[in-house]
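Visitor: I would like to go through this model with you. Could we begin with the structure itself?

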Amino acid sequence: MKKVKWGVIGAGGIADRRTLPGMMLADNAELIAVMEINMELAEKLRAKYNAKRAYDNYQDLLADPEIEAVYIASPVNCHKEQVIAAAKAKKQILVEKPICGTIEEGEEVLRICEQEGVKIATGLMMRYHTYHQTMKQLIADGKLGQIVSARAQLTCWYPDIPGAWRQVKALAGGGSLTDMGVHCIDLLQYIIGSKAKKVVSFCSTNSFSYDVEDQSSTMLELENGAFAYVDANFNIPDAAAKCRMEIYGTRGSILAEGTISQIEAGNISVVISEEGGYDAQQNRNDVAPLEIEADFGNMYTKEIESFGRSITDGVKIEVPAADAIQVQKVIEAAYESVETGKVITL
């Protein structure tokens, strides 16, 4: 099996916590180099993951002839410059969400990648969760009938932390909605198979003092007529966060808990009502949930292996950059709704 040779730009943070450990398990990946602006940290990460080289700037990493693909996990305000440079260096690109600070920047880097003939995927790794794939297939097969309502929540405890770039609007672009809600919006659209056409949202900084929102609630009207709700918070303790997803159709429902996570885990309950029919008494007769088997793995490993196959074998990209840009359009519409108090049509 051919192994794609990787370099990592922004190797601390989420790369160190999740993506690099996942990459170590990938059958078709080889880590060549890591980059962090602090050389001491870069060298520690090089040794930790047994990479060949460490760099303290992305230009030198991109000039490394052995590297075929780069994973970019730097702060959002760095993405545009680094993605364009990677494309011009003819490196295949996996970039963390959001791709850029604005839709216009995202569309620009996508256009440049196409011009340079390089592939670009986005780090919305939760699509690879076994249960999310199962949910998508059940809905595509019509098991739930017409989808009418859905909800997803992703929360964590993220208090004021000096130097945390995600708490600075100029660096992150937004708060809990941008960082957490993005996964919920992407998953609901991906699993249901329908995109948002109208958006209304509420965001506020209610518990902490940073200049991005620490709580948000967003409602979407999807193209298929379903209503979807997204809750994203930085001010709910991790132990209290259930990270639930609910999808309801005219013939059944899916309730998931703990699947919207950085770890492939959780459980789902699928109930299919074969009989239907009108019941004036509204008797809710118990229906045994379907037995759903799951073989859990590592979503980051799956992400790296999937994009690797796209590079070496031409397999369709599972999370193309265009999908991430569409999700960003939804998020920007949500922020516009917050500012104007209006429902925004996409």
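Guide: This is a predicted model, in which local features need pLDDT of at least 70 and side-chain atom pairs count only at pLDDT 80 or more, while totals for chains, interfaces and linings use all residues. Residues are numbered from 1 along each chain as its sequence is written, and side-chain values use heavy atoms, without hydrogens and water.

Visitor: In what order do the six strands of the open sheet run?

Guide: The order is β3-β2-β1-β4-β5-β6, with parallel pairing. The edge strands, each pairing on one side only, are β3 (53-55) and β6 (120-122). Strands here are DSSP runs of E with at least two residues, helices are runs of H or I with at least four, and both are numbered from the N terminus. Two strands pair if DSSP finds at least two bridges between them.

Visitor: How many bridges join β1 and β2?

Guide: Six, between residues 4-9 and residues 29-35. I9 has M35 as its bridge partner in β2.

Visitor: Changing topic, how many salt bridges are there?

Guide: The count is 20, taking a side-chain nitrogen of Lys or Arg within 4 Å of a carboxyl oxygen of Asp or Glu. In one of them, D64 and R53 have their closest N and O atoms 2.7 Å apart. D64 lies in the loop between α3 (58-62) and β4 (69-72) and R53 in strand β3, so the pair ties together parts 11 residues apart in sequence.

Visitor: Is D64 buried or exposed?

Guide: D64 is buried, at 4% relative accessible area, whereas R53 is partly exposed at 27%. Buried means under 20%, exposed over 50%, and partly exposed in between (1.4 Å probe, protein chains only).
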